[in-house]
Structure formats: structure tokens, C-alpha cells
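Subject: Structure handover

Hello,

Here is the structure I promised to pass on. Please open it alongside this email, then read my notes below.

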Amino acid sequence: MDVRTYRARSMQEALDMVRRELGPEASVLQTRDVRSSGLFRLMPAMRRVEVTASASVNVPSRLPRRARGGLDLSQATGLDLSATPELALPPAPEEPQSRNAFRDELKGRLTDLHSMVEDLCRRSQRLAPSELPGSLFTVFTDLIEAGLGEDLARELVGRVQAGAPSSELADAAVVKERLARMVEDELDVSGPLDVQPGKRRLVALVGPTGVGKTTTIAKLAATFRLREKRKVGLITVDTYRIAAVEQLRTYADIIDLPMAVVSTPREMREAVAGMSQLDLILMDTAGRSPRDDLKIQELKAMLAEAEADEVHLVLSSVAGATTLARTAEQFAAVGATGLMLTKLDEVANLGHVLPLVRSSRLPLSYVTDGQNVPDDIRPADKRHLARLILGLQ
């Protein structure tokens with residue numbers, strides 16, 4: 001069986017090709033529109049018609065009537081060609097007014113497409129490192145080395161280039177200071193915990209395993225008990241790791257704090273009621289994988305039972321930008337109200353923290369930079385953090 005496929009810019013042109021090669025008795029088996037890929041698919045002029053035909057298949061011919069000696073195809077085949085788009089005859093030439101409207105529409109689409117391409121080219125050229133002035137290129141490479149990532153570094157440098165006078169752009173030190181103020185404006189800090197005598201406040205720390213929640217709890221407890229002279233108590237629901245309970249109990253004994261270990265909602269209610277006379281209750285929770293939805297929901301239920309005033313998500317700055325952002329997104333379900341960053345002393349740079357701050361939209365409360373209790377913890381400071389993120393410290 002001889003079956004051939006033809007492509008042309010119009011149905012009429014495709015049928016003419018069939019007629020020339022296969023003869024007027026050829027049968028059209030299938031027709032369809034073919035669109036180009038990429039940007040050209042937006043251009044009507046790139047439309048193609050594909051016709052599959054055969055001279056050997058015995059089916060009623062679908063060629064125009066003038067190719068069959070004046071025979072009316074509707075009569076010969078009994079088909080209603082007007083109701084079958086694939087079999088319809090090529091449209092008659094359009095009126096001049098219609099052709100003009102089509103040209104105007106096509107011209108408008110091409111103009112829009114041209115503008116889009118020009119805009120993309122301008123943006124690409126404006127932010128291309130090879131096109132940056134010497135001082136900005138130096139800053140750009142410094143941001144990359146600080147761990148910000150190429151896309152983020154391009155964005156920040158582009159914003160400085162667009163907003164700073166040319167006299168400032170020549171000085172790399174001045175550019176870096178402008179960048180520091182820019183990043184500082186993006187950071188949201190909540191300051192230290194507000195603990196007032198006689199007003200009980202329950203603060204829970206949540207997060208994945210291994211980020212330093214228990215050690216951070218101990219640092220906060222020692223700070224408020226020994227330095228602020230507040231009445232502090234500890235509650236732990238981390239019964240999955242016996243070592244974690246013993247570690248926190250050791251801290252409680254050293255600092256002389258009441259401590260309760262709970263594993264059920266009822267025990268949680270009893271523990272909170274038993275510490276109602278305290279100024280601050282710090283709750284340590286078991287590490288949860290951000291991918292374990294069931295455990296996340298269990299944690300959410302326990303926090304609701306405790307009626308926590310604040311829930312701080314504890315994350316390790318050792319993790320990468322993608323991991324930090326994904327973890328913050330998953331733990332948003334428990335109702336986190338703040339963010340604590342640990343292990344700042346274990347990373348060479350903190351550029352990956354800026355995407356976390358942007359995506360989580362949680363205020364930073366504390367940062368830690370060591371294992372010493374209670375020394376290696378401090379309230380988050382905008383200016384200090386901005387300079388660490390940009391590698392200026």
C-alpha cells in the first residue's frame with residue numbers, strides 16, 4: 001500500500017502536491033494542522049498543514065471537485081463536506097478588509113514578540129558579569145564566594161547598579177555597604193524572648209533531628225534563670241531518644257530547674273498546670289523529619305494541647321539553602337512563629353541564609369555559635385547578620 005504524507009502552508013497547496021504526484025483519483029486519508037515549536041509557535045504564518053494520501057487505497061476521493069472533471073464530491077460520496085472540517089474545500093480568497101485585519105493582528109503579535117525578545121536581551125546584557133564595571137564585578141565574585149549563589153548575586157548587584165549613583169559604583173567598599181543596608185532591610189528580627197515576672201510564657205522549640213534544640217533549650221534556660229533571675233521550668237516530649245531526656249535532665253539538675261517528661265496529651269495538660277506559677281516554660285520536642293507528615297501532625301496536636309505562646313523553628317546553618325527552605329516550608333504546618341539559627345561557628349559562610357529568610361518569612365529570634373552553656377547564644381541582630389550573609393565579617 002502506497003501511503004504518502006505532504007506538508008504545505010495551506011490545504012490548497014497540500015492538495016495540489018497530492019494531485020501532481022498521485023493523480024486526481026488519489027484518496028486523502030488524514031489531514032491535520034502542524035505548529036512549529038518554541039517562539040515560532042506564536043506566529044500564525046508558521047502554520048503548516050499535513051495531508052496523508054494514497055493512490056492505492058479505495059476510499060471516496062476528497063480532492064476538490066475541479067480535480068475530478070467537475071464532479072461534485074458531495075453528490076459522488078454522499079458526504080456533507082461542510083460539516084466535516086477535515087474534508088472541507090479550501091476557503092475562498094478573503095475579502096480585502098479581512099486580509100487587512102489579519103495583517104494588523106499578525107503585525108501586533110510580531111511587535112509584542114519582538115519587544116519581549118528585546119527586553120530579555122537587555123536584562124541579560126545588563127546583568128552579564130563581563131559587562132559589569134570593575135568594582136561591581138569584584139563585588140559579584142565576592143558574593144558568589146560568600147555562598148549567595150549566582151542568581152541571587154546577580155539580583156543584588158543589579159539592584160545596586162540600578163539604584164546607586166555612578167560615583168558610588170566605582171568604589172567596591174561603598175557598594176558593599178549599600179548591599180549590607182539592602183540585606184539588612186530584608187531581615188526581620190524579633191529580639192529576645194519577652195519574659196515578665198508573674199506572667200507565665202510557654203515557648204516550644206521544634207525542628208528536625210540534629211539541629212541542636214536540646215542544647216539551645218539549655219542555653220535559654222540558663223540565661224533566664226541565672227542572668228535574668230526568672231522562674232524557669234522544662235518540659236520535654238522527646239521520649240524517642242533516651243539520651244535526649246537524660247541530657248536535658250542533667251542541665252535541669254545543674255541549673256536547679258523543675259522538669260517534666262510527657263508522652264500523651266493528658267500528661268501535657270498536667271505538666272503545664274503544675275508549672276503555672278513559673279515565668280517561663282521551655283518545651284523541647286522530638287526531632288521530626290520534614291517529610292514525615294504524620295509526625296508533623298502529631299507535633300502540631302501536642303503544641304495545641306500545651307497552648308504554646310511561641311513556637312520557634314530551630315535550623316542548623318550547616319544545611320544547604322534548598323534543605324533549609326524545604327524544611328521551613330514543611331514545619332510551617334505546626335504554626336512556627338519564629339526562627340533560630342544554630343551552629344554558625346561550623347560554616348564558612350552564611351550566604352544561603354538569605355533565601356531561607358525570604359521564603360520562610362519568619363522573624364529571627366536567636367543565633368548560636370558554639371556548645372558552651374549559656375554563653376554561645378545571642379539575640380539576632382540585623383546589622384551583624386547582614387554582614388555575615390555578605391561575607392563582610
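Arg 361 sits in the loop between H13 and S10. Helices (H or I, at least four residues) and strands (E, at least two) are DSSP runs, numbered from the N terminus. Arg 361 is not a glycine, yet its phi is positive, about 55°. Its relative accessible area is 73%, so Arg 361 counts as exposed. The cut-offs: buried is under 20% relative accessible area, exposed is over 50%, and partly exposed is in between (1.4 Å probe, protein chains only).

Please note that this is a predicted model: local features need pLDDT of at least 70, side-chain atom pairs count only at pLDDT 80 or more, and totals for chains, interfaces and linings use all residues. Residues are numbered from 1 along each chain as its sequence is written, and side-chain values use heavy atoms, with hydrogens and water left out.

Glu 307 also has a positive phi of about 55° without being a glycine. It is in the loop between helix H11 (293-306) and strand S8 (310-316). With a relative accessible area of 58%, Glu 307 is exposed.

Now helix H13 (residues 353-360), which holds Val 357. Is Val 357 buried or exposed? It is buried, because its relative accessible area is 8%. Setting aside neighbours within four places in sequence, Val 357 touches Glu 186, Leu 187 and Leu 364. Contact here means heavy atoms within 4.5 Å. Val 357 and Leu 187 are 170 residues apart in sequence, but their C-alpha atoms are 6.9 Å apart in space.

Two prolines deserve a look. Pro 374 is joined to Val 373 by a cis peptide bond, with omega about 5°. Pro 374 lies in the loop between strand S10 (364-368) and strand S11 (377-379). Pro 208 is in the loop between strand S4 (201-206) and helix H8 (213-227). It counts as buried, at 12% relative accessibility. From Pro 208 to Ala 328 is 120 residues in sequence and 9.9 Å in space, C-alpha to C-alpha.

Next, helix H5 (residues 150-163). It has 14 residues and reaches 20 Å from its first C-alpha to its last, close to the 20 Å expected. That expected span is 1.5 Å times one less than the number of residues. Buried residues in H5 are Leu 152, Ala 153, Leu 156, Val 157, Gly 158 and Val 160. An α-helix has 3.6 residues a turn, so residues three or four places apart point the same way.

The second largest pocket holds about 190 Å³ of space. A pocket is an open set of points on a 1 Å grid over the protein atoms alone, where a 1.4 Å probe fits, with protein on both sides within 12 Å along at least five of seven lines; lining residues have an atom within 4 Å of a point. This pocket has 15 lining residues, with Leu 344, Asp 345, Val 347, Leu 350 and Leu 388 nearest its centre. Helix H14 (residues 382-389) gives the largest share of the lining, three residues.

Finally, the whole chain. It has 14 helices and 11 strands. Of its 393 residues, 41% are buried. Among contacts between residues at least 6 apart in sequence, 72% join residues at least 24 apart.

Best wishes

Conventions:
Points joined across faces, edges and corners; volume = space filled by probe spheres on them.
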